[in-house]
Protein chains: 2
Amino acid sequence: MLRGLNELSLDSKGRLAIPTRYRDTLDRHCEGRMVVTVDRDRCLLLYPLPDWEEIERKLVKLPSYNESARRLQRLLIGHATECELDGSGRILLPPPLREFASLEKTVVLIGQGNKFEIWDAAAWNTQRAEWLAAGAVGGALPPELESLSL
Amino acid sequence: MLRGLNELSLDSKGRLAIPTRYRDTLDRHCEGRMVVTVDRDRCLLLYPLPDWEEIERKLVKLPSYNESARRLQRLLIGHATECELDGSGRILLPPPLREFASLEKTVVLIGQGNKFEIWDAAAWNTQRAEWLAAGAVGGALPPELESLSL
DNA sequence: TGAATTTGTGGGAAAATGTGGATAATTGTG
DNA sequence: CACAATTATCCACATTTTCCCACAAATTCA
């Protein structure tokens, strides 16, 4: 299970060093083979290859003449790029994706269960502040949440 | 069951010494393996690993395209960091989390049943004063509370 | 009251990690 | 086909982090 927040910096070549504590897990799970793609919230998603493939299978089965389905396919599958950890545990983020998420120097890598999210550090902080301020307002809670006890 | 309030201080490296009276319980329950994450109220939550995993299982099952669910996942799972008690019964709080909760020198560790909360001491005192002043006003009570007898 | 054990605090050394540069390979172009 | 430019792999150094040990303080028991 991938969790936790890591503040990292891209090196001069646009590479991202994955923190050591995840490497064993990733090596065992997917031999360092990952897929990056984009998210609606202007961040990147980083999946271990097998997890991505499962999602991809679900996506291609969606009805072709549904607008939102089509949109999702174009965003997710359309930007998905395979990339491998190099000898030093780094991945090279494709320039178009780097640009999409406005990644400059400092980024945050956030574990989200089966995947990571990659945010520009400043963007992440802004977003998080909004979420905290918003509280539970601004959206009906799904029933699973109503009864959630932490 | 974790209870009680403890005023503690972080050492120069950001480590927090867990009071002795909890150590046996924690050792037996989770061999000192804990998870820290954040809370909407700008404090940290400290779970024994197995308890955290249960919550995490619930969280990852929530629908991906529900705003509030997504927010919760990002905050809770996104900040969750595993950390182990060292030989002296201390845990190292990750700098980003320390910063999140504005933990300086003096903090309070508060038992909350299945978890601890960690507050900056000053912030805690302010909050508590507000709660006391506010009383039960300012919010409809959920049905479980209406019928609660203390 | 004194001594012994337990607890809290801090520092230091070894190991692991992050960062950058240099060289080798590959691809595209003239 | 050769050359140039870009991309990938590798290696070395500096820094950070982690682990462990030693001392100081406090508490307990005789």
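**Exercise 1. Find which residues B:S9 touches, leaving aside residues up to four places away in sequence.**

Solution. Step one: B:S9 touches B:K105 and B:T106, where a contact means C-beta atoms, placed from the backbone, within 7 Å. B:S9 lies in strand 1 (residues 5-9) of chain B; strands (E, at least two residues) and helices (H or I, at least four) are DSSP runs numbered from the N terminus. Step three: look at B:V108, which is 99 residues from B:S9 along the chain, with 8.2 Å between their C-alpha atoms.

Before going on, a word on the model. This is a predicted model, in which local features need pLDDT of at least 70 and side-chain atom pairs count only at pLDDT 80 or more, while totals for chains, interfaces and linings use all residues. Residues are numbered from 1 along each chain as its sequence is written, and chains are lettered from A and ligands numbered from 1 in the order in which they are written.

**Exercise 2. Decide whether B:S9 is buried or exposed.**

Solution. Start with the rule: 20 or more other C-beta atoms (placed from the backbone) within 10 Å of a residue's own make it buried, 12 or fewer make it exposed, and counts in between make it partly exposed. Now count: B:S9 has 11 other C-beta atoms within 10 Å, so it is exposed.

**Exercise 3. Describe the fold of chain A.**

Solution. First, count the elements: chain A has six helices and eight strands. Next, read them in order along the sequence: β-β-α-β-β-α-α-β-β-α-β-β-α-α. Finally, turn to burial: 26% of the 150 residues in chain A are buried.

**Exercise 4. Work out how many residues each chain brings to the contact between A and B.**

Solution. Chain A gives 21 residues and chain B gives 21 residues. On the chain A side, strand 1 (5-9), strand 7 (106-111), helix 5 (121-134) and helix 6 (143-146) each supply at least two residues. Sorted by class, this side has eleven nonpolar, seven polar and three charged residues. Here Ala, Val, Leu, Ile, Met, Phe, Trp, Tyr, Cys and Pro count as nonpolar, Asp, Glu, Lys and Arg as charged, and the others, Gly among them, as polar.

**Exercise 5. List the residues around DNA strand D.**

Solution. A residue is near a strand if its C-beta atom, placed from the backbone, lies within 6 Å of it. From chain A come A:D86, A:G87, A:S88 and A:L92. From chain B come B:K13, B:D86, B:G87, B:S88 and B:L92. By class, this surface has two nonpolar, four polar and three charged residues.

Conventions: Contact = placed C-beta atoms within 7 Å.
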